[in-house]
Amino acid sequence: MPRTNKRYELFYWPEIQGRGEFIRLALEDAGASYVDAARGPEGTRKLLALLRSASKPPLPFAPPFLRFPDGSLVGQTAAILHRLAPELKLVPAGDASRIQALQLQLTLADLVGEAHDAHHPVGMDLYYEDQKSEAARRARSFVLQRIPKFLGYFEAELDRARARKRGALLGQHSYVDLSLFQVLEGLHYAFPNAMARLARRIPRLLALRERVRARPRIAAYLHSPRRIAFNEQGIFRHYPELDMEPRRKARGGGSRR
Ligand SMILES: N[C@@H](CCC(=O)N[C@@H](CS)C(=O)NCC(=O)O)C(=O)O
């Protein structure tokens, strides 16, 4: 049984998972009634029209944004989830838990931004092919320093007493677990070598990934046409040349900042 009968309208670019996927996963996991509004005919046009002319300020700066059943329009992935989660019962009750969830979600957003910048370090207005050498440098530090640091943080969070029992970041299943699942999926797609090397150091994260994947509505969603495949237009892109081996040192060796 769905936990809510209200209808939400998600607006996001139709060809990629991108940041829209964090919202889709929450809606799907809750069995919420929603429409992925920009996937249909004229979707992108509707999305752009809404971006320019939403009735009440503030206009969202960029997709994703979600129209709630009461007509309000909310942009920014973490803000959307912060507002949505209590309605979907995807966050423990109480302000303290909601702020903890938001803190964790914003940390994931930082990681997502860095995953994007690994292939687009110079500018979003340029093709990857126009910034390949800069991307190789940026990805090297992302793979060798930043992924281990971020995932080490989330692994340690899962290890804390309250969470250990259920393998959930907030001690019970929440939207942050769904987002963490998505980030792990994306990193495995984009950087399979790096993630294989890290596997022994992140057992709790890998268990969380499997737990979320096995949730009945998530499993059904992942096998449905509603789930867009990862691709090289999205945030998590697989460019083999960026998923480098760890021991290839810069000329001269030694560590550099
Ligand atoms: N901080 C925002 C970032 C939104 C964002 O960068 N959206 C991308 C697609 S994932 C976009 O269309 N950006 C257009 C732009 O920045 O001009 C969020 O988390 O929602």
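Does D36 count as buried or exposed, and at what relative accessibility? In this predicted model, D36 has a relative accessibility of 14%, so it counts as buried, the cut-off for that label being under 20%. You will find D36 in strand 2, which runs over residues 33-36. Its side chain has a polar partner: the side chain of R24, at 2.7 Å. If you set aside the neighbours within four places in sequence, the contacts of D36 are with L10 and R24.

Now let's turn to helix 2, which spans residues 43-53. Its buried residues are G43, L47, L50 and L51. Looking down the axis of helix 2, you would see these buried residues fall within an arc of 105°, so they line one face of the helix. On the face turned away from that buried side sit the exposed residues R45 and R52. And what lies over the buried residues? The cover includes strand 1 (7-11), strand 3 (65-67) and strand 4 (73-75).

Our last stop is the ligand. Around the ligand are Y12, W13, R19, F61, A62, P63, P64, Q76 and T77. Among them, W13 has a side-chain N or O atom 2.8 Å from an oxygen atom of the ligand. Q76 places a polar side-chain atom 2.7 Å from a ligand nitrogen atom, while T77 has a polar side-chain atom 2.8 Å from a ligand oxygen atom. On its own, the ligand has 510 Å² of accessible area, and the protein covers 70% of that.

Conventions
Residues numbered from 1 in each chain as written. Predicted model: local features only at pLDDT ≥ 70, side-chain atom pairs only at ≥ 80, totals over all residues. Heavy atoms only, no water. Buried < 20%, exposed > 50% of the residue type's maximum accessible area, 1.4 Å probe, protein only. Helix = DSSP H or I, 4+ residues; strand = E, 2+ residues; numbered from the N terminus. Arc of directions from axis to C-beta. Contact = heavy atoms within 4.5 Å. Near = heavy atom within 4 Å. Polar contact = N/O pair within 3.5 Å; in protein donor to acceptor, adjacent residues only side chain to side chain. Areas by Shrake-Rupley, 256 points an atom, 1.4 Å probe, with all protein chains shown as cover.
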